[in-house]
Structure formats: structure tokens, C-alpha cells
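Biologist: I should like to learn how to read a model of this kind, one feature at a time. Please give me the general idea first and then the case before us.

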Amino acid sequence: MDDSNTPAFLTGPSPVPAVRSADLKSAWEFQNKILAAHAGQQMIIDIRGVCSPGADVAAVGFRVSMSWMLKKIQEFPGNPPDVLFDALAIVPMIGMAPGVPQQGLPFDLDELLKLVQK
């Protein structure tokens with residue numbers, strides 16, 4: 001398998017590029033709709049069609065996965081508030097190597113909360 005086009009943040013601790021919050025929100029809503037329709041099934045969801053032209057789809061996917069982790073930590077009804085998408089789009093994040101145990105989140109939760117409160 002040729003992984004020369006795989007972003008560094010998907011294979012190890014490298015910065016995850018910032019993205020547009022609208023892309024995060026679109027990806028979240030799309031994933032939520034698909035998962036609700038296929039409850040209990042494992043699948044790969046392709047978000048390319050819901051991101052804006054030129055979006056870094058890998059970064060959007062990584063960052064939206066962090067929103068799902070946060071939902072597991074702090075339950076909220078429906079979609080996350082827009083301010084959370086805004087913060088998750090820009091908070092500095094570091095990628096993670098697949099299969100390598102991690103300690104904590106790949107971003108500073110305090111920094112995220114500061115951005116949410118702005």
C-alpha cells in the first residue's frame with residue numbers, strides 16, 4: 001500500500017491543520033444521519049461530498065472524530081452547539097499513530113474551553 005499521500009497527523013504526532021467550522025458541522029450532521037439510519041453497524045463514512053471545495057478532508061475527519069469523543073465525555077442533546085464546532089476547527093491538535101495507546105486528548109481541553117467561551 002502506498003501511503004505517501006497520507007497526512008503525517010494520521011500516522012503520528014504531527015499538527016492537524018485548522019479547518020472551516022462549517023465543514024465540521026456538515027460532516028457531523030452527515031455522520032449523525034448515517035449512523036442513526038444504520039445503528040449498531042460499523043462502517044466507513046465518506047465525508048468528501050459534504051465538505052467545501054478544497055477542504056482538507058482528512059483534517060475535517062480527524063477533528064470531527066474529536067467532537068464524537070467529546071460527546072462521549074459530555075453528553076449534549078442533538079448536534080453540538082456552533083461555538084463548539086468553531087473552537088474544534090481551530091484549537092491546536094496533534095495527530096495520533098493508529099494502534100498506539102494514547103494518554104489524554106490530542107488537544108488542550110482548557111484551550112478548547114477558552115475558545116468556546118469567547
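This is a predicted model: local features need pLDDT of at least 70, side-chain atom pairs count only at pLDDT 80 or more; totals for chains, interfaces and linings use all residues.

Biologist: Let us turn to helix 1. How far apart are its end C-alpha atoms?

Modeller: The general idea is an expected span, which is 1.5 Å times one less than the number of residues in the helix. Helix 1 has 17 residues (residues 21–37) and should therefore span 24 Å; the distance between its end C-alpha atoms is 24 Å, which agrees.

Biologist: Which residues of helix 1 are buried, and which are exposed on the other side?

Modeller: The buried ones are Asp-23, Leu-24, Ala-27, Trp-28 and Gln-31. They lie on the same side of helix 1 because they cover an arc of only 130° around the axis, the arc being that of the directions from the helix axis to the C-beta atoms. Lys-33, Ala-36 and Ala-37 are exposed on the other side. The buried residues pack against helix 2 (57–73) and helix 3 (82–90).

Biologist: Why does Asp-23 count as buried, and what is it in contact with?

Modeller: Asp-23, which has its place in helix 1, counts as buried because its relative accessibility is 3%. Contact means heavy atoms within 4.5 Å. Apart from neighbours within four places in sequence, Asp-23 is in contact with Val-50, Cys-51, Ser-52, Ala-55 and Val-60.

Biologist: How should I describe two helices that pack together?

Modeller: Two packed helices are described by the angle between their axes and the distance between the axes. Axes are lines fitted to C-alpha atoms, for helices over the stretch in contact, and angles run from 0 to 180 degrees between N-to-C directions. Helix 1 and helix 2, for example, have axes 9 Å apart and pack at an angle of about 60°. From helix 1, the contact uses Asp-23, Leu-24, Ala-27, Trp-28, Gln-31, Asn-32 and Leu-35; from helix 2, it uses Val-60, Arg-63, Val-64, Ser-67, Trp-68 and Lys-71.

Biologist: Is the crossing of helix 1 and helix 2 left-handed or right-handed?

Modeller: A crossing is left-handed if the near helix is turned anticlockwise from the far one by less than a right angle, and right-handed if clockwise. Helix 1 passes helix 2 in a right-handed crossing. Within helix 2, Trp-68 is in contact with Trp-28, Gln-31, Asn-32 and Leu-35, leaving aside neighbours within four places in sequence.

Biologist: At what angle do the axes of helix 2 and helix 3 cross?

Modeller: They cross at roughly 130° and come within 9 Å. Helix 2 is therefore oblique to helix 3: angles under 35 degrees count as roughly parallel, over 145 as roughly antiparallel, 65 to 115 as roughly perpendicular and the rest as oblique. The contact joins Arg-63, Met-66, Ser-67 and Leu-70 of helix 2 to Leu-84, Leu-88, Ala-89 and Ile-90 of helix 3.

Biologist: How do helix 3 and helix 4 cross?

Modeller: Their axes come within 8 Å and cross at roughly 135°, which means that helix 3 is oblique to helix 4. The crossing is right-handed. Here Val-83, Leu-84, Ala-87, Leu-88 and Ile-90 of helix 3 meet Leu-112, Leu-115 and Val-116 of helix 4.

Biologist: Where is Val-91 found, and is it buried or exposed?

Modeller: Val-91 is in the loop between helix 3 and strand 2, and it is buried, with a relative accessible area of 0%. Its C-alpha atom is separated by 8.0 Å from that of Asp-108, 17 residues apart along the chain. Beyond neighbours within four places in sequence, Val-91 is in contact with Arg-63, Phe-107, Asp-108, Glu-111, Leu-112 and Leu-115.

Note on methods
Residues are numbered from 1 along each chain as its sequence is written. Side-chain values use heavy atoms; hydrogens and water are left out. Helices (H or I, at least four residues) and strands (E, at least two) are DSSP runs, numbered from the N terminus. Buried means under 20% relative accessible area, exposed over 50%, partly exposed in between (1.4 Å probe, protein chains only).
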